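Here's a quick briefing on a protein model, going from its surface to its salt bridges and then its cores. Have a look at the structure first.

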Amino acid sequence: MYQNLILDFTGAHSYLKEGVKTEKIVYIDCTDISEANMYCSETAERDIKRKIAKYGYRGIHFLDSGNYHYVTKFFLEQIKEPFSLVLFDYHDDMRHKALYEFSDCGSWARDILLNHPYLQQMIIIGPEQKQADALSNIEERLVCISIQELENEKAEKKLEKIKKNIPVYISIDKDVLSNSYAVTNWNQGRMSLEMLENVLTLFLLNDNVMGVDICGEYSLTDGTFRDYMNAEKVNKYANKELFNYIRSFIQ
């Protein structure tokens, strides 16, 4: 059964409840969890896992800003069968851990690639070509498609490398979008919402999408209140559009 969730770590994103109105979405207040912004302590990790445990990994999950993208890892750790991860992200989140004992928003994907026993393949979509080239030799299970390859219609050979008939979990950081379609607290790519949905469709047509998460909200601490309100308007539209589009494929 799919369970749709909103995880609110900052207290500034309760508007998501209005932006994606549905009786089938659960709002989870995570503002009581400290030591979770960008780097997640063992205590914070335990508290987050406790809050999401009963809902499982199936459904559409909003994870707040990109500072909390590592929560994807906690959902993936619940999966006990072969799967592939499809990651839309302008940043690859494949750095070495800065603090070994902490999960963090910049290294969680590398951790999953190297350590998840059920991961069959990881597909990263949307970084710059330089990043994609740097990742090409890390692991044979990794396929990285740059924004340039999508724009120049040169992604076909890499798309052919994607394994078929394997359940997929999809993770979307809205920083892959240009700031015409989303406003995040990180530097951003230049993908349009239409392109994102077109590429998403390749995977949503799979009858076995295990779950989807979305992050990339704007952090109130990173700008003025006016900046935040302007970002909210843009992100509210993107969130609603993505939520409804994905829901049209999975229930």
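Leu220, Phe225 and Met229 make a nonpolar patch on the surface, and together they have about 270 Å² of accessible area. Patches here are built from residues with over 30% relative accessible area and no salt bridge, joining like charges within 9 Å and nonpolar side chains (Val, Leu, Ile, Met, Phe, Trp, Tyr) within 5 Å. Areas come from the Shrake-Rupley method with a 1.4 Å probe, and for residues only the protein chains shown count as cover.

Keep in mind that this is a predicted model: local features need pLDDT of at least 70, side-chain atom pairs count only at pLDDT 80 or more, and totals for chains, interfaces and linings use all residues. Residues are numbered from 1 along each chain as its sequence is written, and side-chain values use heavy atoms, with hydrogens and water left out.

**Overall picture**

- The protein has nine helices and 10 strands, taken as DSSP runs (helices H or I, at least four residues; strands E, at least two) and numbered from the N terminus.
- Of the 251 residues, 57% are buried; buried means under 20% relative accessible area, exposed over 50%, and partly exposed in between (1.4 Å probe, protein chains only).
- The protein exposes about 11,600 Å², with carbon and sulfur atoms supplying 48% of it.
- If you take contacts (heavy atoms within 4.5 Å) between residues at least 6 apart in sequence, 68% of them join residues at least 24 apart.

**Back to the patch**

- Phe225 sits in helix α9, which covers residues 225–247.
- Phe225 counts as exposed because its relative accessibility is 55%.

**Salt bridges**

- There are 10 salt bridges in the whole structure, each one a side-chain nitrogen of Lys or Arg within 4 Å of a carboxyl oxygen of Asp or Glu.
- Glu77 pairs with Lys49, with the closest N and O atoms 2.9 Å apart. Glu77 is in the loop between α3 (71–76) and β5 (83–88) while Lys49 is in helix α2 (residues 42–52), so this pair ties together parts 28 residues apart in sequence.
- Glu77 is partly exposed at 29% relative accessible area, and Lys49 is partly exposed at 29% too.
- Glu45, Lys49 and Glu77 are linked in a network of salt bridges.
- Arg190 bridges to Glu128, with the closest N and O atoms 3.4 Å apart. Arg190 lies in the loop between β9 (168–173) and α8 (193–204) and Glu128 in the loop between β7 (119–125) and α5 (129–135), so they tie together parts 62 residues apart in sequence.
- Arg190 is partly exposed, with a relative accessible area of 39%.
- Lys174 and Glu217 meet at 2.5 Å, N to O. Lys174 is in the loop between β9 and α8 and Glu217 in the loop between β10 (209–215) and α9, so the pair ties together parts 43 residues apart in sequence.
- Both Lys174 and Glu217 are buried.

**Cysteines**

- A search of the whole structure turns up zero disulfides, meaning pairs of cysteine sulfur atoms within 2.5 Å.
- Cys40 is buried at 0% relative accessible area, and Cys215 is buried at 0% as well.

**Cores**

- The largest nonpolar core has 38 residues, and those with the most contacts inside it are Leu7, Tyr70, Val71 and Met122. A core is a set of buried Ala, Val, Leu, Ile, Met, Phe, Trp, Tyr and Cys residues joined through side-chain atoms within 4.5 Å.
- Leaving aside residues up to four places away in sequence, Leu7 touches Ile28, Cys30, Ile52, Phe62, Leu63, Asp64 and Val71.
- A second, separate core has 34 residues, among them Ile25, Ile60, Val199 and Leu242.
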